[in-house]
Amino acid sequence: TIDLGKVQSISYVAAGFTQDIRSWIWMPKDVTFWISNDNIDFKQIAFIKNPISADDYEMYIKDLSAKVKAKGRYVRIKATNFGTIPQWHLGAGGQAYIFVDEVVIE
């Protein structure tokens, strides 16, 4: 949860992620953004599904983003981890890592 310090208009939200499955790093399954004025009652403002295939061995750095029209002080972000590594992968049965580098709120 990010405190913007005061209620502000928000037009864009994003979080940057990496996928490099050779290193057990997968994009999240999805990312959800919520907004609140009081840090108690939150309203969902964006839900973004990951567009990159889970079995793609290329390395990706990508923002999962959405244009929104909202006002609030607190922005909560949840990225759903890929979970257990599939049987076809060298790390089968292990847990995938999730790497996020920055969050953007405009």
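This is a predicted model: local features need pLDDT of at least 70, side-chain atom pairs count only at pLDDT 80 or more; totals for chains, interfaces and linings use all residues.
Residues are numbered from 1 along each chain as its sequence is written, and side-chain values use heavy atoms, without hydrogens and water.

Switch to cartoon. There are zero helices and five strands, in the order β-β-β-β-β. Both are DSSP runs: helices are H or I with at least four residues, strands are E with at least two, numbered from the N terminus. The C-alpha trace spans about 45 × 25 × 20 Å along its principal axes.

Next, select Val13, Phe33, Ile45, Ala46 and Val68. Within the largest nonpolar core, of 17 residues, these touch the most other members. Such a core joins buried Ala, Val, Leu, Ile, Met, Phe, Trp, Tyr and Cys through side-chain atoms within 4.5 Å; buried means under 20% relative accessible area (1.4 Å probe, protein chains only). Colour strand 1 (2–19), strand 2 (30–36), strand 3 (43–49) and strand 4 (60–80): each supplies at least two core residues. Strand 4 gives the most, with five.

Centre on Ala46. Leaving out residues up to four places away in sequence, Ala46 touches Val13, Val31, Thr32, Phe33, Ala66 and Val68 (contact: heavy atoms within 4.5 Å).

Now move to Trp26, Phe82, Ile85 and Ala96. They are among the five residues of another core, apart from the largest one.

Finally, zoom out. Of the 106 residues, 39% are buried.

Note on methods. Buried means under 20% relative accessible area, exposed over 50%, partly exposed in between (1.4 Å probe, protein chains only).
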